[in-house]
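My entries are below, in the order I made them.

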Amino acid sequence: MSEFDAIVVGGGPAGASAAIKLAQNNMNVLLVERGDPPGSKNVSGGVLWGTGLGELSDDWEKTAPLERYLESKSVAFLTEKSKINIDFSTKNFEEQKTGYTVLRAKLDPWLVKKAREAGAMVVTGVTVDRLSKKDGKVVGVIQDGDEITADAVILAEGANPRVAIDSGLREPLKDHDVAIGVKEVIKLPEKTINERFNLRGKAGYACEYVLGFLKDGVEAGGFLYTNKDSISIGAVISMKHLRQSNQVYSFDIMEEFASHPFIAPLLEEGRVDEYSAHLVQEGGLSSIPKLYGDGYMIAGDAAGFSFSNGLVLQGMNYAISSGISAAEALVEAKQKSDFSSASLSRYQQKLEESYVMKDMRTFKGIENVTWSKMIHKTFPSMLENVMMGLFKEEGKPKKHMMQLVLDSMSSSKIKSKDMLLQGYRMLRRM
Amino acid sequence: MKIEERLSLLNYKTDKSYEHITVNPNICEECPDHFCTFACPAKCYTIIEGKLNFKYEDCVECGTCAVACSHGSVSWTNTKGGHGVKYKYG
């Protein structure tokens with residue numbers, strides 16, 4: 001007889017969502033979080049896309065610590081001296097509850113509180129050392145030498161899943177699987193943010209950047225999100241390219257981004273109030289391990305559920321959704337009193353039916369497009385050349401835009417055949 | 001803002017009795033790249049007088065070094081008992 005129906009390792013969006021759903025279904029669940037308080041170890045960009053919180057709590061719109069709802073979304077290429085920007089602002093975002101900026105040290109305590117209110121037992125400041133196994137089956141966890149038993153364990157440890165790796169349930173992370181995320185939270189008065197980003201009330205702005213000004217072949221994406229009275233700004237740096245360069249410091253990229261001529265004015269008079277960093281799951285479908293086995297399931301970032309196509313970064317939505325699916329699979333397993341791999345395979349089935357695995361499969365290989373010289377170097381500099389050609393008046397006859405594009409391609413030593421091929425690949429994968 | 005200043009903004013509950021990350025100095029001595037010094041976003045890895053120096057106290061538990069070190073020197077475990085970095089925003 002196990003002490004718990006379920007033990008959930010990790011009190012982030014995946015783990016807390018699983019614990020909430022399990023407790024709502026009268027399961028006897030223990031949620032173990034190593035941070036004290038919850039959220040104090042966790043970093044996100046962070047835009048929470050979608051209405052996943054609504055599946056956990058009816059009062060989420062009133063009580064969840066959402067900073068701002070998204071009203072404006074931009075994508076921008078930065079070169080050393082230029083910014084090429086695509087802006088999309090719409091009232092549809094608010095009406096359709098499209099996305100919200102959040103800060104994890106505020107969001108996660110709310111999620112964990114919801115789990116507690118639903119009836120889950122929660123312990124914080126407690127680190128699970130490893131899984132407890134019997135006859136090859138997971139039967140609980142080991143914490144500080146003591147065994148705590150459960151019918152099943154849900155691993156929701158986040159982007160650096162030590163227990164899953166150390167237990168051989170996930171391969172050690174490699175360059176292809178991850179990027180390095182660095183971030184600052186910059187304090188600014190609410191009024192200043194509203195004026196600077198053309199926002200009113202609780203409307204918010206989010207922008208994803210290609211940092212085309214970086215040197216030595218280093219590739220990184222940037223982000224800038226408005227919170228209520230602060231700005232979250234950061235960079236997601238490709239581990240592979242940073243390694244190949246072996247002369248650029250990850251923390252310097254944060255600095256370079258924040259001091260770019262078209263970023264620095266947005267942060268002016270702001271006070272850096274926190275610096276943070278975390279691994280980011282970036283490997284897409286190829287990084288996803290086997291998601292279940294005898295007595296266990298893996299959810300959220302620990303399972304590699306994240307999505308990035310350069311236009312948007314998503315992870316917390318998949319975390320919530322996969323956490324809920326794991327909980328539902330476990331509720332069914334409990335009804336059959338069968339916690340075997342075959343029984344818990346319902347989790348995989350649920351994920352395959354939901355948008356989680358569908359997205360992972362649709363965008364298979366997307367990471368090879370988003371992390372490429374074409375996106376990070378060639379394309380930004382070509383765009384800059386074309387724009388300059390369009391607007392610069394130098395007393396010479398003007399050229400057609402097509403000719404400017406061709407000139408720019410030739411100065412970048414790109415053949416039109418390759419450009420078309422790359423463009424086609426990009427569109428097909430995005 | 002310099003990395004040292006940025007790190008000084010952070011709150012830590014340092015575990016004086018447990019170093020959650022350890023490195024193998026024998027491996028680090030032979031290391032041809034010391035990529036850890038470039039990858040670690042908290043500048044925990046530095047070269048002092050030609051030797052790799054690691055300080056766990058500034059670690060933000062991001063997990064980068066465990067991937068960055070391809071020579072098997074870094075042994076990474078989670079902090080225990082709520083020790084380590086404590087973000088107020090995250």
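**Ground rules.** I am working with a predicted model, where local features need pLDDT of at least 70, side-chain atom pairs count only at pLDDT 80 or more, and totals for chains, interfaces and linings use all residues. Residues are numbered from 1 along each chain as its sequence is written, while chains are lettered from A and ligands numbered from 1 in the order in which they are written.

**Chain A overall.** I found 16 helices and 19 strands in chain A; these are DSSP runs numbered from the N terminus, helices being H or I of at least four residues and strands E of at least two. The radius of gyration of chain A is 23 Å, close to the 22 Å of the globule rule for 430 residues, so chain A is as compact as a globular protein of that length. (That radius is taken over C-alpha atoms, and the rule is 2.2 Å times the number of residues to the power 0.38.) I also noted that the C-alpha trace spans about 85 × 45 × 40 Å along its principal axes.

**Burial.** In chain A, 52% of the 430 residues count as buried. Buried takes 20 or more other C-beta atoms within 10 Å of the residue's own, with C-beta atoms placed from the backbone.

**Domains.** I have chain A split into domain 1 (4–65 + 103–171 + 289–363), domain 2 (177–281) and domain 3 (372–429), with bounds from an automatic or database domain assignment. Between domain 1 and domain 2 of chain A, the C-alpha centres lie 28 Å apart. Where they touch, 15 residues of domain 1 are in contact with 18 residues of domain 2 (contact means C-beta atoms, placed from the backbone, within 7 Å).

**Helix α1 of chain A.** Which elements do the buried residues of α1(A) pack against? I get β1 (4–9), β2 (29–33), α4 (104–118), β10 (146–155) and α10 (316–336) of chain A. Of its 12 residues, 11 are buried, so α1(A) is largely enclosed by the rest of the structure. A:Lys21 is one of the buried residues, as are A:Ile20 and A:Leu22. Just after the helix, A:Asn26 takes a positive phi of about 60°.

**Contact with chain B.** I count 33 residues from chain B and 43 residues from chain A in the contact. On the chain B side, α1 (3–8), α3 (36–39), α4 (64–68) and β6 (84–86) each supply at least two residues.

How values were computed:
Two residues are in contact if their C-beta atoms, placed from the backbone, lie within 7 Å.
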